[in-house]
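Hi everyone, thanks for making time this morning.

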Amino acid sequence: MEWLQQQLEAMLASGSLAAYPLVFLVGLVASFLPCTYPVLPMTVGFIGNQAAGKRSKAFILSLALVIGMAVVYAVTGIILVLTKKTFGAVWANGWAVFVIGWFFLLMALYLFDIFTFPTPRFLQRLQGKAAGR
């Protein structure tokens, strides 16, 4: 594993384009780790319920999920590169864990309908159009 990390660092330092497919493959392998298995039934159940048996809608919902996750990971990676930090160094900071914990708590309260966020007008129009279908 250490050899792979050294090779990848050398490829990235030299500006080799071969590093990008390698990073993609490593990410793909990481998606098969056991920590992803508990989320699969929830994801499949949610998408299956929302799609109501329509394959095209299930595909669009799946695509939206994948693109959303890719954007979050890409933005996180860019921020970490620009700040010259590693993900482990961020999590070692107690304040980062504190902020993320409060965020999760607020989202749980939102899901329990204890409070709501105001919806921007453009999203209200989209919700109205989606409800009319």
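The lining of the second largest pocket has 13 nonpolar residues, two polar ones and no charged ones. Do keep in mind that we're looking at a predicted model. This second largest pocket holds about 560 Å³ of space. Its lining is made up of 15 residues, and if you want to find the centre, look for V72, T76, F87, W91 and I100, which lie nearest to it. Three helices each supply at least two residues of that lining: α4, α5, which covers 87-92, and α6, which covers 94-111.

Now let's move over to the largest pocket. How much volume does the largest pocket have? The value is about 1900 Å³. There are 34 residues lining the largest pocket, with V23, V26, G27, L28 and A30 nearest its centre. The elements giving two or more residues to that lining are α1 (2-14), α2 (19-30), α3 (40-51) and α4 (55-83). Which of the elements gives the largest share? That's α2, with nine residues. Sorted by class, the lining of the largest pocket comes out at 26 nonpolar, seven polar and one charged.

If you're wondering about the general idea behind this kind of search, rolling a probe the size of a water molecule over the atoms shows where empty space is left.

Next, the helices themselves, and I'll take α1 and α2 to begin with. Their axes come within 9 Å and cross at roughly 145°, and the crossing of α1 past α2 is left-handed. On the α1 side you have L4, L8, M11 and L12, and these meet A19, L22, V23 and V26 of α2. By class, that contact has eight nonpolar residues, no polar and no charged ones.

From α3, the contact uses T43, I47, Q50 and A51, while α4 brings K57, A58, L61, S62 and L65. In class terms, the contact of α3 with α4 has five nonpolar, three polar and one charged residues.

Notes. Residues are numbered from 1 along each chain as its sequence is written. This is a predicted model: local features need pLDDT of at least 70, side-chain atom pairs count only at pLDDT 80 or more; totals for chains, interfaces and linings use all residues. Side-chain values use heavy atoms; hydrogens and water are left out. On a 1 Å grid over the protein atoms alone, a cavity is a set of points where a 1.4 Å probe fits but cannot get out, and a pocket is an open set with protein on both sides within 12 Å along at least five of seven lines; lining residues have an atom within 4 Å of a point. Grid points are joined across faces, edges and corners, and a volume is the space filled by probe spheres set on the points. Helices (H or I, at least four residues) and strands (E, at least two) are DSSP runs, numbered from the N terminus. Ala, Val, Leu, Ile, Met, Phe, Trp, Tyr, Cys and Pro count as nonpolar, Asp, Glu, Lys and Arg as charged, and the others, Gly among them, as polar. Contact means heavy atoms within 4.5 Å. Axes are lines fitted to C-alpha atoms, for helices over the stretch in contact, and angles run from 0 to 180 degrees between N-to-C directions. A crossing is left-handed if the near helix is turned anticlockwise from the far one by less than a right angle, and right-handed if clockwise.
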